[in-house]
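Let's take a walk through a protein together.

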Amino acid sequence: MNNTLKKALKIVLPLTFGGFLVWYSLSSISIATLAAYFQNANYWWIALGLFFGVLSHLSRAYRWKFMLEPIGHKPKLTNSVLAVLVGYLVNLAIPRAGEVSRAAVLTNYEDVPFEKGFGTIVAERIADLVMMLLIIIILSLIHI
């Protein structure tokens, strides 16, 4: 299989699959019902949620980029953001596989060794766990 066919399949297959999933999810809803939902939506809340959602992804990618710098790797923020987004997408299909795919994406695009990328992801999860436990302990003490 030549390179142009591989590149074309890498683009066409995901777009086709995504288009099918959108069609399948919307096939049971009538256009009138969907239009009514859009007319009655409060777009201020949607914009606010979108802002914080994007901020969440950007901050996670920046934090990951920040963790990779001391071990000698300086990935582009764009590639870090896209790796995080790919991780979320993979998690929708296979739970907890997003972390592995996230490290694999950065290996492919930024030449970060998989072990180092995955190690920083594990360290990030441990830090998340410690912070969550700290929040739970503080809230438990405040409640008493």
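A word on the ground rules comes first. This is a predicted model, in which local features need a pLDDT of at least 70 and side-chain atom pairs count only at pLDDT 80 or more, while totals for chains, interfaces and linings use all residues. Residues are numbered from 1 along each chain as its sequence is written, and side-chain values use heavy atoms, with hydrogens and water left out.

Start with the overall fold. The protein chain has six helices and zero strands, where helices (H or I, at least four residues) and strands (E, at least two) are DSSP runs numbered from the N terminus. Reading along the sequence therefore gives the pattern α-α-α-α-α-α.

Along the principal axes, the C-alpha atoms fill a box of roughly 60 × 50 × 25 Å.

Of the 144 residues, 18% count as buried. Buried means under 20% relative accessible area, exposed means over 50%, and partly exposed lies in between (1.4 Å probe, protein chains only).

Which residues form the largest nonpolar core? There are eleven: A61, W64, L68, V81, A83, V84, A103, V105, L106, V112 and I121. The elements that give two or more residues to this core are α3 (43-68), α4 (77-93) and α5 (98-110). A nonpolar core is a set of buried Ala, Val, Leu, Ile, Met, Phe, Trp, Tyr and Cys residues joined through side-chain atoms within 4.5 Å.

Contacts tell us who meets whom, and a contact means heavy atoms within 4.5 Å. Not counting residues up to four places away in sequence, V105 touches A83 and V86. Across the protein chain, among contacts between residues at least 6 apart in sequence, 49% join residues at least 24 apart.

Next, visit two loops. R96 lies in the loop between α4 and α5, and its phi is near 70 degrees, a positive value in a residue other than glycine. R96 counts as exposed because its relative accessible area is 59%. D111 lies in the loop between α5 and α6 (114-143); D111 is not a glycine, yet has a positive phi of about 55 degrees. With a relative accessible area of 62%, D111 is exposed.

A93, found in helix α4, is exposed, with a relative accessible area of 63%, and its C-alpha atom is separated by 21 Å from that of N79, 14 residues apart along the chain. V12, in helix α1 (residues 3-26), counts as partly exposed at 46% relative accessibility. The C-alpha atoms of V12 and W44, 32 residues apart along the chain, are separated by 35 Å.
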